[in-house]
2 protein chains.
Amino acid sequence: MAVITIVGAGVMGSALTFPAADNGNEVRLVGTHLDEEIIQSCRSQQFHPRLRRPLHPAVKAFSHTEIAQAMQGADIIGLGVNSRGVHWAAQAIGPHLQPGQIIIMVTKGMESVDGKLQILPDVLHDHLPPSIRDQVKYAAIGGPSIAGELAARHQTSVVFVSRDADILPRLRAAFSTNYYHIWTSTDIIGVEVCVALKNPYALAVGLAAGVLERKGADIAGAKMHNYAAAVFAQGLAETAILVQKLGGGLETVFSLPGAGDLYVTTQGGRNSRMGRLLGLGMSYSDAVEEMPGETIEGVDAVISIMPAVEAMITRGEIPADSLPLLRELYRIVTRNAPVEFDFNSFFNKLPFNPPESLQSS
Amino acid sequence: MAVITIVGAGVMGSALTFPAADNGNEVRLVGTHLDEEIIQSCRSQQFHPRLRRPLHPAVKAFSHTEIAQAMQGADIIGLGVNSRGVHWAAQAIGPHLQPGQIIIMVTKGMESVDGKLQILPDVLHDHLPPSIRDQVKYAAIGGPSIAGELAARHQTSVVFVSRDADILPRLRAAFSTNYYHIWTSTDIIGVEVCVALKNPYALAVGLAAGVLERKGADIAGAKMHNYAAAVFAQGLAETAILVQKLGGGLETVFSLPGAGDLYVTTQGGRNSRMGRLLGLGMSYSDAVEEMPGETIEGVDAVISIMPAVEAMITRGEIPADSLPLLRELYRIVTRNAPVEFDFNSFFNKLPFNPPESLQSS
């Protein structure tokens, strides 16, 4: 049994309390300053309004003002803020961390830092107080895990990843249940690249639905799954290029963290909804107006990643034409470019010969 | 311009006449003995009843009795029969083949032959008359291509594959249009393994929908996409294992032929419908009764592939526990086994450490 403190009471952090508590751990859920309503509901009725279900009865909820108390004596700190919240989280948890604690991040992805791609566990490390940052250990979770399904105790399969192989068996033992299946891996680069890219690429897959609607009904009812599937495949192929470039493993790409998580992310959610609006022909500026106040992780990710990717291209570390889908997404969300994929630009770094139009280039 | 004869007037063969004819080729569509009604409709009204749309006006339809005439002078023979029809096709086209003709197969996959997996282009080769079988060339098509969408001229991206790199530019030139994007590859093993396995694995992904229905509504409306995504990822990982074992390339797995085609196949169709029925708890024998007269390619494929896979395991060529999903599917469709995946048995040949329950094995 371990003491597990989850910081961030959004859906994903809170969902993680289910396997943690079912497993007999002492589980504490701490809201951020944005989670006050959630925490009040958890305290007064043990009901999580965003997950729309009761919490496990053993989970104790804490307000952000009580974070010191909530982190006291914890073995494992689960970080459940969204990717925008990492810098805040470093400030919030930094003063209360104790040597030997393990931080496991639900928050995942990458940021551009000085022209390089940095994975969020490393961003967190660099923003923690120097006195403690090397006294704690870091891990992250990858793989297809829709929060509401985990909270419903539906079968969920994930990968726990850390550079410190030593801590992984303990983390797995703390969270494994008969519905939460955990593999462990030390390929933190592979996992973080996959999870950072799944949102933009799922958004791109979602465009197909909008393009179909804009085109209007076909006489035989033909859909646009071929379009979506080509984009899905190109997204995974671009993921493989970046994973390999940054030193991750291909096995991470064609299993749970890559293919599995991209698949689940295409099955609905905000990225898909944004994709549909763009596919309908709406400019990004107009589409954003249709989704007021919502964080579109796919947009955040592409904006956060692209400066470093462009710098890598400038430095000659990756060929300029190797990530056409990611670059086109960037144009769409930053310059209101219309959705007009050049399919022939895809797959040009695989051992395939590209379509005719590219033969001479 | 080329003369292109498509043998088999089902949806996929017939869909291929659209890019072929749009590209200015002379296109002939020959039905099998099962396609008489289709051919009559094509002849009398230039309307394809199963694609539910008019054929390109330049396409000429031929009855199976006219196959000699239809194949006369053809540069390219497109083989559009289903995987059960390859032996029939060898007999039907064999007598009329002329040296130098190129056969491009829409029909794809593998069969067990003497305890080994043989790809269908090689099965076709071995069943053609010895006098001609080495005088013609073989190619195949992989990648996500729902027939009705190609016929609607919706964006479709595929890979043309052949051991003879020389014929690929000519094939691509014959079929490329602004909606049919063609990459070429010599990884025929990789492509055939991917296309053979996508149907069983898409069926397995489809189980999640049935399992969810059987379980009944969740209080917060949680779906079972995490379940489906884990199965999707395991299907792709098992595909990678077999592709590597048989000498194909991993790039084929994480791009159009593998990930792209598996994705598109999970988006509906007969494999998914069969998956749902099995997920609901129906035995395979009962589920088949619900879909009378329909060919479920995923079931055919697993039955056709499994004897060779078991022989490979017996010979020690692949570990017994490396394809748990494929083997479980085989048990389901041949022994009416109930659907009860052991998720912890998945991903055990990746560089991940498996879940707790497998630690000792």
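Which residue in S2(B) is the bridge partner of Thr5(B)? I looked this up to get my bearings, keeping in mind that the model is predicted. The partner turned out to be Arg28(B).

Entry 1: Strand S1 (residues 3–7) and strand S2 (residues 26–30) of chain B run parallel and share five bridges. I then traced the open sheet they belong to, and found eight strands in the order S5-S2-S1-S6-S7-S10-S11-S12 of chain B, with mixed pairing. Its edges are S5 (60–62) and S12 (180–185), each of which pairs on one side only.

Entry 2: I looked at H1 (residues 11–22) of chain B next. H1 packs on the sheet, where it touches S1, S2, S6 (76–79) and S12 of chain B, and its direction makes about 170° with that of S2(B). Then I checked H8 (residues 168–175) of chain B, which lies across strands including S7 (102–105), S10 (137–142) and S11 (156–161), and runs at about 175° to S12(B).

**Entry 3: where the chains meet.** I saw that chain A and chain B each bring 63 residues to the contact. On the chain B side, H10 (225–246) gives the most, with 10 residues. I sorted that side by type: 37 residues are nonpolar, 18 polar and eight charged.

**Entry 4: the core.** I found 266 residues in the largest nonpolar core, and Leu236(A) is among those touching the most other members. Leaving out residues up to four places away in sequence, Leu236(A) touches residues of both chains, including Val253(A), Leu262(A), Phe254(B) and Ala259(B).

Note on methods. Residues are numbered from 1 along each chain as its sequence is written. Chains are lettered from A and ligands numbered from 1 in the order in which they are written. This is a predicted model: local features need pLDDT of at least 70, side-chain atom pairs count only at pLDDT 80 or more; totals for chains, interfaces and linings use all residues. A nonpolar core is a set of buried Ala, Val, Leu, Ile, Met, Phe, Trp, Tyr and Cys residues joined through C-beta atoms within 7 Å. A residue is buried if 20 or more other C-beta atoms lie within 10 Å of its own, exposed if 12 or fewer, and partly exposed in between; C-beta atoms are placed from the backbone. Two residues are in contact if their C-beta atoms, placed from the backbone, lie within 7 Å. Two strands pair if DSSP finds at least two bridges between them. Helices (H or I, at least four residues) and strands (E, at least two) are DSSP runs, numbered from the N terminus. Axes are lines fitted to C-alpha atoms, for helices over the stretch in contact, and angles run from 0 to 180 degrees between N-to-C directions. Ala, Val, Leu, Ile, Met, Phe, Trp, Tyr, Cys and Pro count as nonpolar, Asp, Glu, Lys and Arg as charged, and the others, Gly among them, as polar.
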